[in-house]
Amino acid sequence: MNVPLSNLKIMVEIMDNLASLSPGEKAVIDSFTDAELSLKLLEMGCTPGEIVELEKVAPFGDPIAINISGYVLSLRRAEAATVNIRRIVPEK
Amino acid sequence: MENKKTDGFIHRKIALVGNPNSGKSTLFNALTGLHQKTGNFPGVTVDKKTGNAKKQFGNKTYTLHYTDLPGTYSLYPKSLDEEVATRFLIETENEDFPDLVIIVADATNLKRSLFLAGQIIDLNIPCILALNMIDEAEKAHFYIDKDRLSNRLGIPVIAVSARNNIGIEDLENSICREISEPAYRFIDPSNIALEAQKLIKKEINPAFKDFQALHRAHRLFETNIEWREKLAAADFSPTAAQAEESLLRYSIIGEHIAECTGKKAERPALTTKLDKVLTHKTWGYVIFLFLMVIVFQSIFYLAKFPMSWIETGFAWMQSWCSNHFPAGILTDLFVNGILAGLSGVVVFIPQIALLFFFIGLLEDSGYMSRVTFIMDKLMRRIGLHGRSVIPLMSGMACAVPAIMSTRTISNWKERIITIMVTPLMSCSARLPVYTLLISLVIPDKIVGGIFNLQGLALMGMYLLGFVSAIGAAWVLNMLIKGKEKSWFIMELPVYRMPKWSNVFYTIYEKVKVFLFDAGKIIVAIAIVLWVLASFGPGEEFQKTQTKIDALKQNFSKEYMDLYFATTSAERTIALRKQFVIDSSAWSTGIKILESQKLELSYAGHLGKLVEPIIRPIGFDWKMGISLITSLAAREVFVGTMATIYGAGDENNTQPIRERMRDERDPETGKPVYTIATGISLMLFYAFAMQCMSTIAVVHRETKSWKWPIIQFTYMGILAYLASLFAYQLLK
């Protein structure tokens, strides 16, 4: 099947951290920058490759709540900043 | 495996383990009913709930001893609660070590639940997986093939719903069946830290399974310096090993989930909708404040009625006993020491029950985590946790139940700070003191057109309590060193209808703990205070006592007998008038003597002894006595003032107020109760820790005398300085 090239969207991955997501946005967990915190997050099911969605942000911007492997987990912004994510976005 | 004791029953020790919010406590309540008791795990203030049940299975009778362990996500503890649960599961030599573990899994969140389950399986402990809230999972169209899961895990899997009593019988039957170790291991950790595993097996126990050895390596690395070096030499890196293990576990879990379940569970739409409102940046706070006002008002006003029944009941018992028991020191001890002390304990029950009724509802419905969520940022600034809000607000009614409710704060430092500052909040016992003093020294006039000055003063005292609690928390945050990191990684569970029996069990448990743990200390202090007020050195005290006894004997026996011997028809108006005059003269006489007696008692001497110290803050020895007796409870101030001035009583403060207003300084002839003294006294009551029940509860909740003593001291110093400042400025 021939698809016109102009219709084809090219998706690229952008590395970012979990704290930078806005509500409703999805991303894939990539890696961690804080060893101690990462152990806790791994146990709670935040494993690399999992899809994570920002569920909501508390008033005053902190803490945040994420949807991960079927449940909602809340964590502080500073804690979320230690989680690297890959955001999948169309190339500009 | 089976402990057959001489009583012919088969005894089985069972531990309940699970994630927080897995419904573990509900299941525990369903399994044990009211046959449960709460204590502490050795050495720590973590609730240890145990309970027993009897079960007929086959032709045998089983006695099942349950222990409800604190919720945990893994066996690598990160908080005190998790540490307690972990220790319980690995100390095989402990006499409480379970024969069987029930892993309580949230069926709607199977993936995460299987993480902990896998670790327990790998510790080789006989266990059963209870898929709790199975009805909710089915409602969300999430189906679990439990037989297949059981085959794959090598342990029994039972579907239950503790909330709705589904599958409890199945679970009990399964508990009574032959107990065996898990058939398979969950993960094969042979590639993780192999050298460390070998070392542990060689030196500690050759029979250890791989994961047992690995887990022991982690534990020893944490706790033992010698082992830390040895393990480091064997290239053991706990962080790497743990991360590797977690990833391996989740990849295995992924396979089980794919094989045994249908599509993944959807979050209920209602929860999402409710969250939109309850964590909204305006409505969230409005609703929270509204709920708090209801809670606070209920404790404040609803508790009043049962509290006054309790007080009336005890007063009746006291008067009955003193009339029917032979007069003497023992009766006095019983009536005014022990009964008064008991009354001081029992009177707290309505407040405790009401607060935990509301906390139970908030906790069980899932709302409490949202409170934490929206309050965390504000509370964190002063070193507190989102969870500290509830104790602080409840402290405006009574610090006793408020401090008991701090158990839900798992971080030690945040919890201690909350406990330390909660008694600064203006509790209801301060109200009678404030009311008396405000009406005495603050003019009753309108300012700014609408505001009553006395009302403003009262509001100011409440505000002062709040502001000083926040300030103290901020200072303590700088001073206290925390051992554990403060984390905020927690689940926001779905909303559920609260289960009434859970709420009821919470109330029952808290009341019981207060009565038996804190009650002892409160009665002991009450007896000491009784001794101080009823005994005195020297002959003068004895003489006064004899006079009082004689007067009481005199009037009550002969005169009253005479009066009541006549039938009402025979009582002439003249006789009645005479009786009224006599009895009021009599009671005035008694009041004067009681006042003298108090002055001559040890409490009176103490009051005079501390006079030089409290002079600079504007107090005389009479107030000194009140400060001492107020240790029983702040509102005792009013009663003591009534005794000292031989006027009025707690229920009618008008005469006391007049007596206090007329009080003149014997040297200068000026009024004693000026604005300066009144404000100084109020500030003292605002800051000082004058409540033995709070002291007793802080002792029970921190498991030490260190914290109550620190608290008593810092609040005392604060009170003294505030009063000194105010008095010197205003006088």
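Student: Which residues of α10(B) do B:Arg148, B:Leu149 and B:Arg152 in α5(B) meet?
Tutor: This is a predicted model, so treat everything here as computed from it. By class, the contact of α5(B) with α10(B) holds two nonpolar, one polar and three charged residues. On the α10(B) side, the partners of those three residues are B:His256, B:Glu259 and B:Cys260.

Student: How are α5(B) and α10(B) oriented to each other, roughly parallel or roughly antiparallel?
Tutor: Start with the geometry: the axes of α5 (146-153) and α10 (238-260) of chain B come within 9 Å and cross at roughly 150°. The cut-off for the antiparallel label is over 145 degrees. The pair is therefore roughly antiparallel.

Student: Let's bring in chain A. At what angle do α1 (35-43) of chain A and α10(B) pack?
Tutor: Two packed helices get described by an angle and a distance between their axes. For α1(A) and α10(B), the axes are 9 Å apart. Since the cut-off for roughly parallel is under 35 degrees, α1(A) ends up roughly parallel to α10(B). The packing angle itself is about 20°.

Student: Which residues of α10(B) does α1(A) meet there?
Tutor: α1(A) passes α10(B) in a left-handed crossing. The contact residues divide into five nonpolar, four polar and one charged. From α1(A) come A:Ala35, A:Ser38, A:Leu39, A:Leu42 and A:Glu43, and in α10(B) they meet B:Thr239, B:Gln242, B:Ala243, B:Ser246 and B:Leu247.

Student: Which element gives the largest share of the side of chain B that touches chain A?
Tutor: Overall, 31 residues of chain B are in contact with 26 residues of chain A. At least two residues each come from α3 (110-122), α10, α16 (367-380) and β11 (490-491) of chain B. By class, this side of chain B has 14 nonpolar, seven polar and ten charged residues. The largest share, six residues, belongs to α10(B).

Student: What pattern does chain A follow along the sequence?
Tutor: Chain A is built from two helices and six strands. Of its 92 residues, 40% are buried. Among its contacts with a separation of 6 or more, 58% join residues 24 or more positions apart. Read along the sequence, the pattern is β-β-α-β-β-β-α-β.

Student: Over to the interior. How many residues does the largest nonpolar core have?
Tutor: Nonpolar side chains tend to be buried together in soluble globular proteins. Here, the residues with the most contacts inside the core are B:Val17, B:Ile103, B:Ile120, B:Ala130 and B:Leu131. The size of that largest core is 209 residues.

Student: How many residues of α1 (24-32) of chain B are buried?
Tutor: Go along the helix: B:Lys24, B:Ser25, B:Thr26, B:Leu27, B:Phe28, B:Asn29, B:Ala30, B:Leu31 and B:Thr32 are buried. After α1(B) comes B:Gly33, with a positive phi near 60°. The helix is largely enclosed by the rest of the structure, because the buried count is nine of nine.

Student: Is B:Pro70 buried or exposed?
Tutor: B:Pro70 sits in the loop between β5 (60-68) and α2 (80-90) of chain B. Leaving out residues up to four places away in sequence, B:Pro70 touches B:Val46, B:Asp81, B:Val84 and B:Ala85. With 24 other C-beta atoms within 10 Å, B:Pro70 is buried.

Student: What do the buried residues of α2(B) pack against?
Tutor: The buried set in α2(B) is B:Asp81, B:Glu82, B:Val84, B:Ala85, B:Thr86, B:Phe88 and B:Leu89. Their packing partners in chain B are β2 (10-18), β6 (100-106) and α3.

Student: Last one: how far apart in space are B:Ser388 and B:Glu414, C-alpha to C-alpha?
Tutor: B:Ser388 lies in the loop between α16 and α17 (389-394) of chain B, and counts as buried with 27 C-beta neighbours inside 10 Å. B:Glu414 is one of the residues that B:Ser388 touches, not counting those up to four places away in sequence. The two are 26 residues apart in sequence, and their separation in space is 7.9 Å.

Conventions:
Residues are numbered from 1 along each chain as its sequence is written. Chains are lettered from A and ligands numbered from 1 in the order in which they are written. This is a predicted model: local features need pLDDT of at least 70, side-chain atom pairs count only at pLDDT 80 or more; totals for chains, interfaces and linings use all residues. Axes are lines fitted to C-alpha atoms, for helices over the stretch in contact, and angles run from 0 to 180 degrees between N-to-C directions. Helices (H or I, at least four residues) and strands (E, at least two) are DSSP runs, numbered from the N terminus. Angles under 35 degrees count as roughly parallel, over 145 as roughly antiparallel, 65 to 115 as roughly perpendicular and the rest as oblique. Two residues are in contact if their C-beta atoms, placed from the backbone, lie within 7 Å. Ala, Val, Leu, Ile, Met, Phe, Trp, Tyr, Cys and Pro count as nonpolar, Asp, Glu, Lys and Arg as charged, and the others, Gly among them, as polar. A nonpolar core is a set of buried Ala, Val, Leu, Ile, Met, Phe, Trp, Tyr and Cys residues joined through C-beta atoms within 7 Å. A residue is buried if 20 or more other C-beta atoms lie within 10 Å of its own, exposed if 12 or fewer, and partly exposed in between; C-beta atoms are placed from the backbone. A crossing is left-handed if the near helix is turned anticlockwise from the far one by less than a right angle, and right-handed if clockwise.
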